[in-house]
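Subject: Structure handover

Hello,

Here is the structure I promised you. Please open it and keep it beside this email as you read.

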Amino acid sequence: MSSTFREADPGVDRLGPSKITPLPARSAANAPAPQAHGIARNPGMRLDLGFMESMRSVNRSALERRVASLTKRRSIKADNQAAWLLRAVACMDLTTLNSNDTDERVRRLCAKAVNPFRRDIIEGLGIAGEKIRPAAVCVYHPFVATAVEALHGSGIHVAAVSTAFPHGLTPLSTRLQEIEASVSDGADEIDVVIPRGLVFAAKWQELYNEIVSMRAACGEAHLKVILGTGDLATLRNVMLASMVAMMAGADFIKTSTGKESVNATLPVGLAMVRAIRAYFEETGYLIGFKPAGGISTAKASLDWLVLMKEELGRRWLEPDLFRFGASSLLTDIERQLEHHLTGHYSANHRHAMA
């Protein structure tokens, strides 16, 4: 990657001046948030290469030490652990992105999202009156309409992976048409991928312009920008790509497609959440974070929740600012909750899944 930043073309300013004024009131750290999209959307800002320059120095060893200290010194047990696992479910994008997906499989996944736990677990935990469900169901575009119909009235969002997922290498016009088609079918969240080559070539203006166009194509649907961190090679690339995505108007930044050889890791997540914190301090806008790929155990979900709580605060433990991209995670959480109630682990097949 070139270390020389290219000057932004002032004529390509799509989102207004370099500073966003006035700044919105900042939410209290412990303020609860509804499941719906309830925060002020990020309008983006002009591509600011000076701001990026201030963020480009990333100390990998320091991030790794910080992550190790978080996961070792925090031990969550008993009722507290059960509560944190329920929070993990509420922040989950229940996902199926397989080549053998069918309408029926998507309907079964949606049914699981609406009723994520067996009745005996619900009664044992005393949560019968609570609607603890995944925040969204995430599918390929052909299944958006099926998911929208199956989830009607549930309050669960429908997310569509788009823009030639997982590689993002089709013409921009084709990728924008895919976004528009998913929004037309009812998706209210769009997960897009960036062409990783733009990061390696330091083509920041081109990357910025593409994401601005994707944000416009989304309309009222929220935009989650997948960086493909396993392909970006360095934490510096991850940091800079995160900053460009937020400047271009991303509502969420997301680690991975789940298809890379290396997906979500805690050091990468720490670099991204610190980019989110820096953007918040600069603009006052809250950006969401979504780790995805390889998060399949309840223990791993607790590590990510601790990271968010320690680095960004309680406000980022709500589903409008934090999501897991997961498929098998829900099954392991359900097994852990049953163990909490009975002292015994059950086989995976006892917990219905698509």
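First, a term. A cavity is a set of grid points where a 1.4 Å probe fits but cannot get out. Keep in mind that this is a predicted model.

**Cavities**

How many cavities of 30 Å³ or more does the structure hold? There are 2. The largest cavity has a volume of about 80 Å³. Its lining is made up of 11 residues. Closest to its centre are Ile 39, His 222, Asp 251, Phe 252 and Asp 320. By type, the lining of this cavity has 4 nonpolar, 4 polar and 3 charged residues.

**The largest pocket**

Now the largest pocket. It holds about 410 Å³ of space. It is lined by 25 residues. Thr 95, Gly 325, Ala 326, Ser 327 and Ser 328 are the closest to its centre. The lining of the largest pocket splits into 13 polar, 8 nonpolar and 4 charged residues. Which elements each supply at least two residues of this lining? Look at α4 (103–114) and β8 (324–326).

**Helix α4**

Which residues of α4 are buried? They are Val 106, Leu 109, Cys 110, Lys 112 and Ala 113. What covers them? The cover includes β1 (92–95), β2 (136–140), α6 (144–150) and α13 (329–342).

**Pro 116**

Pro 116 lies in the loop between α4 and α5 (119–125). Is Pro 116 buried or exposed? Buried means under 20% relative accessible area. Pro 116 has 4% relative accessibility, so it counts as buried.

What is Pro 116 in contact with, leaving aside its neighbours within four places in sequence? The list is Ile 132, Arg 133, Pro 134, Leu 330 and Glu 334. Take Arg 133 from that list. Pro 116 and Arg 133 are 17 residues apart in sequence. In space, they are 6.4 Å apart, C-alpha to C-alpha.

Best wishes

Notes
Residues numbered from 1 in each chain as written. Predicted model: local features only at pLDDT ≥ 70, side-chain atom pairs only at ≥ 80, totals over all residues. Heavy atoms only, no water. 1 Å grid on protein atoms, 1.4 Å probe; cavity = no way out; pocket = protein on both sides within 12 Å on 5 of 7 lines; lining within 4 Å. Points joined across faces, edges and corners; volume = space filled by probe spheres on them. Helix = DSSP H or I, 4+ residues; strand = E, 2+ residues; numbered from the N terminus. Nonpolar A, V, L, I, M, F, W, Y, C, P; charged D, E, K, R; others polar. Buried < 20%, exposed > 50% of the residue type's maximum accessible area, 1.4 Å probe, protein only. Contact = heavy atoms within 4.5 Å.
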